[in-house]
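Welcome, and thanks for taking a look. Here is a short briefing to read alongside the model.

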Amino acid sequence: MYRLMLLARRVDERSWILNRQGKAAFVISCQGQEAAQVGAAMHLRPGYDYVYPYYRDHGIVLTLGMTARDEMLALLAREEDPNSGGRQMPGHFSSRELNIVTASAPIAVQFPQAVGSALAFKMRGEDGVVLACGGEASTSEGDWHEAMNFAGVHGLPVVFLIQNNHYAISVPEPLQVAGSIARRAEGYGFPGVEVDGNDVLAVYEAAGEAFARARKGEGPTLIEAKTYRLTAHSSDDDDRRYREREEVEQWRLKDPIPRFERYLMENGVLDEAARDRIDAEVREEVREASEYAENAPVADPDSVLEGVYAEGV
Ligand SMILES: Cc1ncc(C[n+]2csc(CCOP(=O)(O)OP(=O)(O)O)c2C)c(N)n1
């Protein structure tokens with residue numbers, strides 16, 4: 001989990017560099033949310049369970065088996081990008097082999113779709129689980145409430161993971177969320193838990209219980225992971241206009257990666273040599289991925305409508 005969190009962070013950092021160099025048009029970060037993502041995604045069986053990620057979920061797709069190279073190919077819109085052949089926005093993940101369902105730009109539309117996949121698992125009598133992710137602002141949308149209700153009524157095998165990072169672009173949580181997100185689950189007839197989203201082990205444990213319940217046919221769970229995004233909303237946003245630097249610095253002290261690193265070292269799982277080796281390997285993986293993608297061909301403009309309209313209908 002430590003390596004995956006670090007990989008997500010380094011891919012993200014590299015993406016910002018490529019953006020500042022004018023090579024990547026748009027970056028949307030997972031920085032600060034790696035623990036919530038990796039801790040939950042560890043319970044997925046790639047290619048069997050289904051995932052409806054949201055645009056920040058680099059940690060989720062990397063845990064499932066996407067690579068740094070896949071991420072860089074998508075970021076730079078290359079033909080070989082396995083998500084969409086360079087046609088989707090970065091962060092709109094998709095993989096048939098890994099059962100990652102592509103996202104649309106409107107927030108929260110993934111939740112009713114995820115619940116539909118969970119219904120299919122139930123109707124087929126299979127023990128698959130669907131993970132559906134979003135930020136706290138997506139819980140303001142009707143789609144989320146409809147999905148929660150339908151999942152509760154039909155006792156579906158779906159885990160809702162809300163990564164509450166306290167902002168919807170510039171809108172702070174108190175102007176967006178009434179009451180507690182986790183406690184809303186009770187109204188839909190299933191358990192909701194609030195967890196420290198910067199503690200990967202806490203998320204791992206909460207998600208483990210949720211996945212086990214779903215697999216046993218005991219229905220949905222809502223997990224609200226309290227976390228913080230350390231970067232601006234996207235590379236087009238200037239977060240200095242709506243939040244104090246002191247606030248960001250306070251949250252940097254709770255950064256999930258150094259926190260987990262300290263824990264592993266204190267408990268004798270990781271030492272400085274192993275830490276440095278993992279860091280060097282991850283940096284090299286990301287450097288190679290970036291170089292590969294920069295040299296990869298962009299999609300042929302004549303193929304722009306492929307995958308948009310059905311052929312031969
Ligand atoms: C239906 C809809 N409304 C508004 C937007 C514009 N928009 C994109 S991301 C975003 C903020 C979402 O915040 P949250 O769900 O908390 O996730 P975060 O980006 O904070 O991780 C908004 C308002 C959109 N994409 N779709």
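Which residue forms a salt bridge with Lys-226? The partner is Glu-224, with the closest N and O atoms 3.4 Å apart; a salt bridge here is a side-chain nitrogen of Lys or Arg within 4 Å of a carboxyl oxygen of Asp or Glu. This is a predicted model, in which local features need pLDDT of at least 70, side-chain atom pairs count only at pLDDT 80 or more, and totals for chains, interfaces and linings use all residues. Residues are numbered from 1 along each chain as its sequence is written, and side-chain values use heavy atoms, leaving out hydrogens and water.

**Salt bridges**
- The structure holds 25 salt bridges.
- Glu-224 is buried at 1% relative accessible area, while Lys-226 is partly exposed at 23% (buried means under 20%, exposed over 50%, partly exposed in between, with a 1.4 Å probe and protein chains only).
- Asp-239 pairs with Arg-243 at 3.0 Å between the closest N and O atoms; Asp-239 is buried at 8%, and Arg-243 is buried at 3%.
- Glu-13 bridges to Arg-10 at 2.9 Å, and both sit in helix 1 (residues 2-20), three residues apart, about one turn of the helix.
- Helices (H or I, at least four residues) and strands (E, at least two) are DSSP runs, numbered from the N terminus.
- Glu-13 is partly exposed at 29%, whereas Arg-10 is buried at 15%.
- A network of salt bridges links Arg-10 and Glu-13 with Asp-279 and Arg-283.

**A buried arginine without a salt bridge**
- Arg-78 lies in the loop between helix 4 (68-75) and helix 5 (110-124).
- Arg-78 is buried and has no salt bridge; Glu-294, the nearest side chain of opposite charge, is 6.9 Å away (Lys and Arg count as positive, Asp and Glu as negative; His and the chain ends are not counted).
- The Arg-78 side chain does reach the backbone oxygen of Ala-296, at 2.9 Å.
- Beyond four places in sequence, the contacts of Arg-78 (heavy atoms within 4.5 Å) include Leu-73, Gly-85, Pro-297 and Val-298.

**Around strand 7**
- Ile-223 belongs to strand 7 (residues 221-226), and counts as buried because its relative accessibility is 1%.
- Among the residues in contact with Ile-223, leaving aside neighbours within four places in sequence, are Phe-160, Ile-162, Val-193 and Ala-207.

**After helix 11**
- Tyr-309 is in the segment after helix 11 (272-295), and is exposed at 57% relative accessible area.

Conventions: Polar contact = N/O pair within 3.5 Å; in protein donor to acceptor, adjacent residues only side chain to side chain.
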